[in-house]
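These are my notebook entries on the model shown below. I record what I looked up, entry by entry.

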Amino acid sequence: MSKQITVPFGPQHPVLPEPIHLDLVLEDERVVDAIPSIGYVHRGLEKLVEKREYPEYIYVAERICGICSYIHSNTYAQGIEKIMNIEVPERAQYLRTIWSEYSRLHSHLLWLGLFADGMGFESVFMNAWKLREHILDDLEVTTGGRVIQGVCKVGGVRRDITPEKLDEMVKGLKGMEPALHDLVNVFLKDSSVSHRLRGVGTLQKGDAYTLGAVGPTARGSGIGIDIRETGYAAYGKINFKPVVEHDGDCYARCAVRAKELFTSIDIIEQCVKKIPEGPVEIKVTGAPDGEYFARAEQPRGEVVHYIKGNGKRNLVRHRVRTPTFTNLPPLVTLLKGCELADVPVIVLSIDPCVGCAER
Amino acid sequence: MTYFQMTKTVLKSLFSRPATLMYPAKPAKKTTLTRGHVTIDPEKCIACRSCQRKCPTQAICVEPKEKTWQIDRLRCIVCNCCVEVCPTKCLAMDTQYTAAMTTRAGILKVTVAGPKKKEPAPAES
């Protein structure tokens with residue numbers, strides 16, 4: 001056996017601007033073990049729930065993550081609504097779906113850019129972020145915020161979108177599609193990108209299942225788990241199929257996210273066609289008494305919000321399990337046995353968002 | 001595998017305007033809904049403390065006796081909550097972001113009209 005050395009990776013690393021530290025145990029150039037440690041950005045947001053009233057806490061819940069912010073507030077609101085038996089107006093459900101898909105689009109484009117940057121393909125990074133800017137513009141026009149939208153509230157949504165604006169949004173997305181195809185083709189068809197990704201970091205279907213992989217990490221390994229199929233918000237009335245790839249390598253995970261861009265555009269288009277007229281919020285009185293596990297599909301996978309109230313304005317407990325946290329055990333498995341030079345690509349391929357994994 | 005696939009993108013980028021704005025020489029994009037910073041119309045404020053109670057970061061401090069309304073710009077997360085609950089609509093959201101600061105400053109204290117009397121004395125400090 002050759003001599004083992006330990007190489008620290010992160011939290012300050014050029015390809016991984018995330019607060020996670022990995023101790024990579026190497027034998028020559030091969031990684032034999034990876035020990036992750038988190039805990040750099042603990043903010044105590046879950047404890048704060050005891051000090052803030054539940055309608056105001058949604059602003060805090062939204063700020064758990066800076067990318068999937070909207071879906072965090074959506075999940076929190078869903079949980080409270082289930083406990084209090086609030087029926088959200090249908091228009092609000094559709095608007096929630098549209099904004100969820102918009103945040104998925106912007107997150108996936110951000111990730112495609114970062115992933116390209118991680119393997120040294122900087123011009124694609126610029127192109128992906130240029131396209132993402134159009135998505136962010138639409139979000140800002142309709143909600144007032146680029147990444148922290150702040151439109152979801154318990155009992156509905158704060159802002160309505162006019163029918164003209166909805167049509168304009170769909171037209172904009174349809175106009176973007178050729179550019180998106182060009183971008184996605186770089187990842188799926190370019191030979192040098194293929195060489196970098198194919199066969200790197202393969203996660204078997206069984207491993208993905210037992211280690212609890214979620215989202216594109218699981219779907220890249222052939223497990224068709226998509227919480228959107230449970231039909232929360234307006235997803236129950238929309239026709240769509242989750243994208244599933246079977247190879248389980250970095251290429252498959254990349255392909256899942258690339259193809260999901262078009263699924264999202266399709267879902268938005270269907271929503272705009274089906275959206276009914278009506279109010280977007282209802283007045284909420286009283287306080288939640290009970291507990292609920294609210295689940296939703298984030299760009300990175302399934303998020304779970306556990307909410308417990310005791311009939312007072314302040315909740316008793318709020319616990320979040322973010323997709324990155326549950327994707328860490330599969331990541332450690334992926335890293336065992338890979339080359340040191342492949343580590344950045346493999347770590348980026350699970351789309352780590354450690355900032356929200358520990359709150 | 002076809003060749004010269006990227007040529008289209010390269011030519012497009014070469015002959016089009018830059019995708020970025022020369023900020024701050026050119027002003028940043030803004031929309032009517034953009035949340036920049038909270039402003040107050042002191043003459044309308046009745047110091048009811050609704051905004052203080054609802055603020056998720058406790059950035060707002062209202063003293064009804066001294067008739068002052070104070071906001072800490074560094075604590076404020078610009079969530080629009082106070083603007084929505086204000087009963088007299090004296091709070092408003094400006095689309096301009098506040099400038100970056102190098103010291104712990106940014107506390108704005110305003111003397112407001114107060115609960116009963118109507119004193120037109122909006123002295124900013």
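I began with Ala233(A), which counts as buried because it has 25 C-beta neighbours inside 10 Å. I used these cut-offs: a residue is buried if 20 or more other C-beta atoms lie within 10 Å of its own, exposed if 12 or fewer, and partly exposed in between, with C-beta atoms placed from the backbone. Ala233(A) is not a glycine, yet I read a positive phi of about 50 degrees for it. I located Ala233(A) in the loop between α8 (215–220) and α9 (250–274) of chain A. For such elements I took DSSP runs numbered from the N terminus, helices being H or I of at least four residues and strands E of at least two.

I noted that the model is predicted: local features need pLDDT of at least 70 and side-chain atom pairs count only at pLDDT 80 or more, while totals for chains, interfaces and linings use all residues. Residues are numbered from 1 along each chain as its sequence is written, and chains are lettered from A and ligands numbered from 1 in the order in which they are written.

I next looked up Lys67(B), another residue that is not a glycine but has a positive phi, here about 55 degrees. Lys67(B) sits in the loop between β2 (60–63) and β3 (68–72) of chain B. It is buried, with 20 other C-beta atoms within 10 Å.

Pro24(B) belongs to the loop between α1 (7–15) and β1 (37–40) of chain B.

I then turned to helix α2 of chain A (residues 69–84). Of the 16 residues of α2(A), 14 are buried, so the helix is largely enclosed by the rest of the structure.

For chain A as a whole, I counted 12 helices and 8 strands. Of its 359 residues, 50% count as buried. The C-alpha atoms of chain A fill a box of roughly 65 × 45 × 35 Å along the principal axes.

Last, I examined where the chains meet. I found 13 residues of chain B in contact with 15 residues of chain A, contact requiring C-beta atoms, placed from the backbone, within 7 Å.

How values were computed: Contact = placed C-beta atoms within 7 Å.
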